Amino acid sequence: MKRVFYISDDLDELELVEHELELSGFSAPQIHVLSNKDADVSSHKHLHPVQSVMRNDVVHSTEIGAVIGAIAAAGILIAAYASGVTDAVGWAPFILLAIAILGFITWEGGLFGFQELHYQFRRFKNVLKSGKHVLMVDVEPEQELQLASITLAHDKLKPAGTGKSPPHWLVAMQEKWQRMMKTLP
């Protein structure tokens with residue numbers, strides 16, 4: 001899968017595009033709208049906004065924090081071994097310190113991510129500030145022709161490139177969840 005981005009300043013047009021995509025076989029978890037005007041997006045019942053957790057860079061920043069934390073923890077253990085202090089004191093305090101440092105830096109990475117726009121969305125920061133909206137469609141290779149034919153018919157929709165899509169299994173799980181929720185009374 002890949003994610004295809006489009007820019008528009010017309011939510012009614014985006015709602016129509018999303019409706020056409022769903023009629024042609026795209027599922028709701030494949031289509032999202034990123035906007036700074038969340039109230040306007042939620043007033044269009046067929047638009048699916050980007051969830052707030054996915055809008056921020058929490059996961060990506062936490063991963064980066066974990067890598068930096070692991071390097072710092074390894075540095076502590078290497079320094080303790082190289083200094084020879086472990087012969088006198090033992091390994092326990094240094095292992096505990098390494099674990100604490102790993103956890104703290106990972107946690108800090110996640111906190112930093114809450115404040116940042118998702119790394120894939122940063123390129124649209126100025127577009128969003130100007131009041132425009134970004135349509136994101138996660139597309140399978142066999143759906144690319146359908147997507148192109150639908151989006152080409154809409155003049156207010158401007159292509160804005162591609163990006164990394166969530167894993168196929170995650171989109172499939174979201175589809176199953178939505179189907180299950182629709183069957184509940």
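A pocket here is an open set of points, on a 1 Å grid over the protein atoms alone, where a 1.4 Å probe fits, with protein on both sides within 12 Å along at least five of seven lines; lining residues have an atom within 4 Å of a point. The model is predicted, so local features need pLDDT of at least 70 and side-chain atom pairs pLDDT 80 or more, while totals for chains, interfaces and linings use all residues. Residues are numbered from 1 along each chain, and side-chain values use heavy atoms, without hydrogens and water.

The largest pocket holds about 540 Å³. Its lining runs to 24 residues, with Arg 3, Met 54, His 118, Pro 166 and Leu 170 nearest the centre. Two or more lining residues come from each of α3 (52-55), α4, β3 and α9 (168-183).

As for α4 (residues 58-83), its 26 residues should span 38 Å at 1.5 Å a residue, and the end C-alpha atoms sit 37 Å apart, which agrees. An α-helix has 3.6 residues a turn, so residues three or four places apart point the same way. Just past α4, Gly 84 adopts a positive phi of about 80°.

Terms used:
Helix = DSSP H or I, 4+ residues; strand = E, 2+ residues; numbered from the N terminus. Expected span 1.5 Å × (residues − 1). Points joined across faces, edges and corners; volume = space filled by probe spheres on them.
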